[in-house]
Amino acid sequence: MNEIALRAEHVSKVFSQGLFKKRYKLVLDDINLEIKRGDRLVIIGESGMGKTTLARILTNLEVPTEGKIYWFNKSLDEWRRDYSVIRRKVQYIHQDPYASLHPSKTIYKIIADPLKRCEGLSGERLEKRVYDLLEMVGLTPPDYFFNKYPHHLSGGGRQRLAIARALTANPEIIVADEPISMIDMSLRAAIIKLLKDLNEKKNITVILVLHDIGAARYFTYEKGEMAVLYGGRIVEKGSSKEITTNPVHPYTKVLLNSSPIADPELARKRKVEQLRSYDPPVRKPGTQGCPFAHACNYFTDKCLNETPQLEMISHSHWVACHVFENI
Ligand SMILES: Nc1ncnc2c1ncn2[C@@H]1O[C@H](COP(=O)(O)OP(=O)(O)OP(=O)(O)O)[C@@H](O)[C@H]1O
């Protein structure tokens, strides 16, 4: 059975700024998403598009202004009685592993403490679990790391440690927010591969928030979906193959065309479309119109006045754009 692991239904978020004269900002606008148990999903978009806010709402670290989140077909209200149990099954991995790891605890303690607290493990059984978890995330040989501290690790090593700590809860869903943004290029693929392995071998549902479409493609190449976020709205979503080989939204096309190519000759030949604006849109609650209209080269009056809704264009592909057929 393909159970839905996580679903966002009509999720919106408004932040207010300013102490006396409040200004309201619509950061997420009517997000609808779902992911089946054991699947992979990437939420992709550039800085300021609302990705972190969405990831935090999906894991109940932030409360939506409107809409609901469902974990395994039950709303968070319905989980209230068993919340402490289900909470541990949905783990959030922070984009800055260093900030999320206790600097004065040894690596052993960082992993052992939650295992002691939640599973009551001690002695040899505890040590074996710590050893196995470090091995699983590639911090090997594990006992070499037992008495080291997070600052002894590279950025990639710290992200592995943060993943191992999340695994102490035996999670069923992992939401990782830009897990590779603070680590060296050469180590990024290894972290994505680790998350793929956890999905494949342990059937953990993995949602990745990324701004790099190359990394998104690598994560979802064999299976999985992508949702492209712009100005707090999903502008295109579908199978990884559809989004990367047949993108139709003008923003997705720009994202794909601006991803780095190793070959300098090909990079020189590539024509990258210039947008009318590179600033993320600032939207107020109640704003109508396409969030991308201020940057889009193909906008019409309709784009300024009417918010495009996601429409199915094939069984694994949806787009929210009034003009995509004319581009
Ligand atoms: N607590 C908050 N109060 C007010 N505004 C906020 C708050 N958190 C986020 N924002 C604003 O919401 C918008 C979206 O932020 P968010 O961090 O979700 O985007 P993002 O796509 O993850 O970008 P980045 O990769 O830069 O973090 C930004 O304009 C940000 O300034």
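Trainee: UniProt annotations may be inferred rather than shown by experiment, and their positions follow the numbering used here. With that in mind, which residues does the annotation "domain: ABC transporter" cover?

Mentor: According to the unreviewed UniProt entry, that annotation covers residues 6–256. In this predicted model, the span is 41% helix and 27% strand, and its end C-alpha atoms lie 27 Å apart.

Trainee: What is the mean pLDDT of the chain?

Mentor: The mean pLDDT is 92, and 99% of the residues reach 70 or more. For the complex, the predictor gives an ipTM of 0.96 and a pTM of 0.92.

Trainee: On to the ligand, then. Which residues surround the ligand?

Mentor: The shell consists of Phe15, Gln17, Val27, Gly45, Ser47, Gly48, Met49, Gly50, Lys51, Thr52 and Thr53. Two elements, β1 (4–17) and α1 (51–58), each give two or more residues to this shell.

Trainee: Which element gives the most to the shell?

Mentor: That is α1, with 3 residues.

Trainee: And how many of the shell residues are nonpolar, polar or charged?

Mentor: The shell around the ligand has 7 polar residues, 3 nonpolar ones and 1 charged one.

Trainee: You mentioned β1. In what order do the strands of its open sheet stand?

Mentor: The order is β2-β1-β4-β5, giving an open sheet of 4 strands with antiparallel pairing. At the edges stand β2 (23–36) and β5 (74–75), each with a single partner strand, so one side of each has no neighbour in the sheet. Within the sheet, β1 pairs with β4 (residues 66–71) over 5 bridges in the antiparallel sense, and Arg7 stands opposite Tyr70 in β4.

Trainee: What about β7: are its residues buried or exposed?

Mentor: Strand β7 (residues 173–177) is mostly covered, with 5 of its 5 residues buried. Ile173, Val175 and Asp177 lie on one side and Ile174 and Ala176 on the other, and both faces are covered.

Trainee: Which way does β6 run relative to β7, parallel or antiparallel?

Mentor: Strand β6 (residues 90–93) and β7 run parallel, joined by 4 bridges; Ile93 stands opposite Ala176 in β7. The pairing of β7 with β8 is also parallel, over 5 bridges, and there Ile173 stands opposite Thr205 in β8.

Trainee: What sits between α8 and β8?

Mentor: A loop that holds Asn203 lies between α8 (185–202) and β8 (205–210). Asn203 counts as exposed because it has 11 C-beta neighbours inside 10 Å, and the cut-off for exposed is 12 or fewer. The C-alpha atoms of Asn203 and Asp82 are separated by 22 Å, the two residues being 121 apart along the chain.

Trainee: Changing topic again: why is β10 described as largely enclosed?

Mentor: Strand β10 is largely enclosed by the rest of the structure because 6 of its 7 residues are buried. It runs antiparallel to β9, with 6 bridges joining the two, and Val228 stands opposite Glu236 in β10. The hairpin of β9 and β10 has 2 residues between the strands, and Gly231 takes a positive phi near 55° there.

Trainee: How many bridges join β10 to β12?

Mentor: There are 3, and β10 and β12 (residues 317–319) run antiparallel. Gly238 stands opposite His317 in β12.

Trainee: Finally, which elements do the buried residues of α11 pack against?

Mentor: They pack against α9 (213–220), β9 (225–230), β10 (233–239) and α10 (240–245). The buried residues of α11 (residues 250–257) are Pro250, Tyr251, Thr252, Val254 and Leu255.

Notes: Residues numbered from 1 in each chain as written. Predicted model: local features only at pLDDT ≥ 70, side-chain atom pairs only at ≥ 80, totals over all residues. Buried ≥ 20, exposed ≤ 12 C-beta atoms within 10 Å, placed from the backbone. Contact = placed C-beta atoms within 7 Å. Near = placed C-beta within 6 Å. Nonpolar A, V, L, I, M, F, W, Y, C, P; charged D, E, K, R; others polar. pLDDT = per-residue confidence, 0-100. Pairing = 2+ DSSP bridges.
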